Amino acid sequence: YKVNNASQASVLTRFPPTGVPTGQVQHALDWKLGTLGLKSGDLVQYWAVVDDLNTITGPGRGESRTFSIFLVTPQQAVAKVDIKMDDYAQVMEELLRLQRENRAQTVSSAPFPGLVTRQALIRHTAQELARAMEKDATPVASMVRDLDDLSAGLMVEAIRYLEQGRDAADINLAGGFRNQSLPVQDQIIVQLQALLARLQRN
């Protein structure tokens, strides 16, 4: 795993082979993030690496895709959820600004780690806004499903492309992932604009 923009990855744990080799192995780990000394705003990126048991030509290695966790304190979470009706549009405007900024930085070939961090922040904020709306008795609660669909769909897809670009060993492959993220980010912007227009009409 890596924290923020660390240049070197840390090993969380290892699972040595046991028993007779089979076609599938499952392991579970209770990862206590509190032991890492993390603080609010930190981005944790983690992935799995596996070596097979090929003893003839040498072990082959495979890696999962990289996953991300964006950390907030309980106080920040409460503060974000405690949003008044007049603030919903402001939060949506900020989401739209951040997404437009991330798209512009993507086109400008900005480093992938920063793009991943910003996209993860956008998704996290969208989820927090949805939870705030969910508790509200006003008509904006009808937008919760749209925000949840957006954060679970297109925003995850954008993060995945940017993470794949960050992790790509070949510069041309990385560029391909960068380009693939652009139409996804465009769709996010269109949907955020539509949600903002609905909020401004309320």
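Buried means under 20% relative accessible area. By that cut-off, 32% of the 202 residues of the chain count as buried. The model is predicted.

**Figure 1. Overview of the chain, with 6 helices and 5 strands.**
From the N terminus on, the elements run β-β-β-β-β-α-α-α-α-α-α. A search of the whole structure finds 10 salt bridges. The close-ups below take up pockets, loops and some of these pairs.

**Figure 2. The largest pocket, with about 1,400 Å³ of space.**
The lining has 33 residues, and Thr13, Phe15, Ala48, Val49 and Val50 are the closest to the pocket centre. Strand S3 (49-51) and strand S4 (61-63) are the elements that give two or more residues to this lining. S3 provides the largest share, 3 residues. By class, the lining of the largest pocket divides into 20 nonpolar, 8 polar and 5 charged residues.

**Figure 3. The second largest pocket, with a volume of about 290 Å³.**
Here 15 residues form the lining, and those closest to the centre are Trp47, Thr66, Glu163, Arg166 and Asp167. Helix H5 (residues 154-167) gives the largest share of the lining, 4 residues. The lining of the second largest pocket divides into 3 nonpolar, 6 polar and 6 charged residues.

**Figure 4. A nonpolar surface patch of Leu12, Phe15 and Leu29.**
Together the three residues have about 260 Å² of accessible area. Phe15 lies in the loop between strand S1 (2-3) and strand S2 (43-46). Its relative accessible area is 41%, so Phe15 is partly exposed. Phe15 is also among the residues closest to the centre of the largest pocket.

**Figure 5. Ser10, in the loop between S1 and S2.**
Ser10 has a relative accessible area of 36% and is therefore partly exposed. Tyr46 is 36 residues away from Ser10 in sequence. In space, the two are 9.4 Å apart, C-alpha to C-alpha.

**Figure 6. Ser109, a residue other than glycine with a positive phi.**
Most residues other than glycine have a negative phi. The phi of Ser109 is near 60 degrees. Ser109 lies in the loop between helix H2 (85-107) and helix H3 (112-134). Ser109 counts as exposed because its relative accessibility is 52%, and the cut-off for exposed is over 50%.

**Figure 7. Glu101, paired with Arg97 and with Arg118.**
Side chains of opposite charge can pair when their charged atoms come close. Arg97 and Glu101 meet in a salt bridge at 3.0 Å, N to O. Both lie in helix H2, 4 residues apart, about one turn of the helix. Arg97 counts as partly exposed at 41% relative accessibility. Glu101 counts as partly exposed at 29%. The salt bridge between Glu101 and Arg118 has its closest N and O atoms 3.5 Å apart. Glu101 lies in helix H2 and Arg118 in helix H3, so this pair ties together parts that are 17 residues apart in sequence.

**Figure 8. Arg131 and Glu134, a salt bridge within helix H3.**
The closest N and O atoms of this pair are 2.9 Å apart. Arg131 and Glu134 are separated by about one helical turn, because they are 3 residues apart in helix H3. Arg131 is partly exposed, at 28% relative accessibility. Glu134 is partly exposed too, with a relative accessible area of 48%. Elsewhere, salt bridges that share partners join Glu94, Arg97, Glu101 and Arg118 into one network.

Note on methods
Residues numbered from 1 in each chain as written. Predicted model: local features only at pLDDT ≥ 70, side-chain atom pairs only at ≥ 80, totals over all residues. Heavy atoms only, no water. Patch = residues over 30% accessible without salt bridge, like charges linked within 9 Å, V, L, I, M, F, W, Y side chains within 5 Å. Areas by Shrake-Rupley, 256 points an atom, 1.4 Å probe, with all protein chains shown as cover. Salt bridge = Lys/Arg side-chain N within 4 Å of Asp/Glu carboxyl O. Buried < 20%, exposed > 50% of the residue type's maximum accessible area, 1.4 Å probe, protein only. 1 Å grid on protein atoms, 1.4 Å probe; cavity = no way out; pocket = protein on both sides within 12 Å on 5 of 7 lines; lining within 4 Å. Points joined across faces, edges and corners; volume = space filled by probe spheres on them. Nonpolar A, V, L, I, M, F, W, Y, C, P; charged D, E, K, R; others polar.
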